[in-house]
Amino acid sequence: MVADLELLSQHGCFGGVQRFYQHASKEIGLPMRFSVFLPPQAKIDAAGGQVPALLYLAGLTCTEETFATKAGAQRLAAELGLALVAPDTSPRGANLPGEADSWDFGLAAGFYLDATQAPWATHYRMESYIVQELLGVVTKALPIDAQRMGLFGHSMGGHGALTLALRHPGVFKSLSAFAPICAPMDCPWGQKAFTGYLGADRSTWGPHDASRLMAGQGKPPYPRGILIDQGLDDKFLANQLNPETFEAACAVVGQPLLLRQHTGYDHGYYFIASFVADHLVHHAQQLAA
């Protein structure tokens, strides 16, 4: 077991186990929590038996518990033999000025990048935490195959999924998103977060904008396709999410994209629960050994 990895709770679930962990993060400099669903195919107490895994990045105001308790993904994940890993969205307990008052779609939500500006730079290192630390923790401590890791997320976490997958080629073998922030340089949420975390120089923002990252690819990074689901009754669609910008960027580089738009669905977890099965199948097919 990885040093300092503390099992907070575990629950039998569809023949597997749902667990919640805490550990002392070196990248964040604070305790961090994450959840893991291990399907029955994972040989928890024996050598071998590694399973593919999906890393889920949640949106603003969520925690490591939100996906596990609201998405309803464990039943199908158990059938498909997929582990589900969901980190907390942000550092907790940094006690920075204004942090407690900043949950209005902006600062104090980690935005899945490494902040460069004071006072956020010390602890707000979510990109390095996820890619450099968390993946190593879960693959060392649990029967998860590091070579078969998929990535998906919702809203701010959808932004995180798209950008981290494009910024770290080869780490994630499959990619999807629910209602992602597709062009953060062009929306109020992204502009606020980027200004606070990266500074006013917009030249530093582009490497964290999914649409600009995709447009700059030399070849399709996910030739087997990316899946995005978007609710048409999402109140944030018009001013914050911009899926058409990402769609256009994919077209420029020939990246296969299935962008599905659904009448009657909003931005919340009822929407996610309605289509999460399609995402699990999408990833399972691409992660098959």
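## Salt bridges

How many salt bridges does the count come to? In this predicted model, the count comes to nine salt bridges, and several of them can be described together with the accessibility of the residues that form them.

One of these pairs joins the side chains of Arg125 and Asp114, with a nitrogen-to-oxygen distance of 4.0 Å. The two partners are eleven residues apart, and both Arg125 and Asp114 are placed in the loop between strand 5 (83-87) and helix 3 (126-141). Arg125 is partly exposed, its relative accessible area being 24%, whereas Asp114 is buried at 18%. Through shared partners, salt bridges join Glu27, Asp114 and Arg125 into one network.

A salt bridge is also formed by Arg148 with Asp145, where the closest N and O atoms are 2.9 Å apart. Arg148 counts as buried, with a relative accessibility of 19%, and Asp145 likewise counts as buried, with a value of 16%; each assignment follows because buried means under 20% relative accessible area. In a further pair, the side chains of Asp209 and Arg212 meet at an N to O distance of 3.3 Å. Here Asp209 is buried, with 0% relative accessibility, while Arg212 is partly exposed, with a relative accessible area of 36%.

Helix 3 is bent by about 35°, and the bend is placed at Leu134. The helix is largely enclosed by the rest of the structure, because twelve of its 16 residues are buried. Among the buried residues are Met126, Glu127, Ser128 and Tyr129, as well as Leu134, the residue at which the bend of about 35° is located. The buried set also includes Ile130, Val131, Glu133, Leu135, Val137, Val138 and Ala141.

What do the buried residues of helix 3 pack against? Their packing partners are strand 2 (16-24), strand 3 (31-38), strand 4 (51-57), strand 5, strand 6 (144-154) and helix 4 (156-167).

Most residues other than glycine have a negative phi, and most peptide bonds are trans. Against that background, Ala118 and Pro119 are joined by a cis peptide bond, with omega about 0°.

Phe111, although not a glycine, has a positive phi of about 60°, and Tyr112 also has a positive phi, near 55°, in a residue other than glycine.

## Leu30 and its contacts

Leu30 is found in the loop between strand 2 and strand 3, and with a relative accessibility of 15% this residue counts as buried. In sequence, Leu30 and Ala94 are 64 residues apart, yet their C-alpha atoms are 7.6 Å apart in space.

Which residues is Leu30 in contact with, leaving aside its neighbours within four places in sequence? They are His23, Ala24 and Ser25, then Pro91, Arg92, Gly93 and Ala94, and also His123.

## Cavities

The model has two cavities of 30 Å³ or more, and the second largest cavity has a volume of about 40 Å³. Its lining is formed by Gln18, Ser35, Val36, Phe37, Phe67, Ala68, Gln74, Leu84 and Ala86. The elements that give two or more residues to this lining are strand 3, helix 1 (66-70) and strand 5, and the largest share, three residues, comes from strand 3.

By class, the lining of the second largest cavity has six nonpolar and three polar residues, with no charged residues. Strand 3 and strand 5, which both contribute to this lining, are also among the elements against which the buried residues of helix 3 pack.

Key
Residues numbered from 1 in each chain as written. Predicted model: local features only at pLDDT ≥ 70, side-chain atom pairs only at ≥ 80, totals over all residues. Heavy atoms only, no water. Helix = DSSP H or I, 4+ residues; strand = E, 2+ residues; numbered from the N terminus. Buried < 20%, exposed > 50% of the residue type's maximum accessible area, 1.4 Å probe, protein only. Bend = angle between axes of the 7 residues up to and from the residue. Contact = heavy atoms within 4.5 Å. 1 Å grid on protein atoms, 1.4 Å probe; cavity = no way out; pocket = protein on both sides within 12 Å on 5 of 7 lines; lining within 4 Å. Points joined across faces, edges and corners; volume = space filled by probe spheres on them. Nonpolar A, V, L, I, M, F, W, Y, C, P; charged D, E, K, R; others polar.
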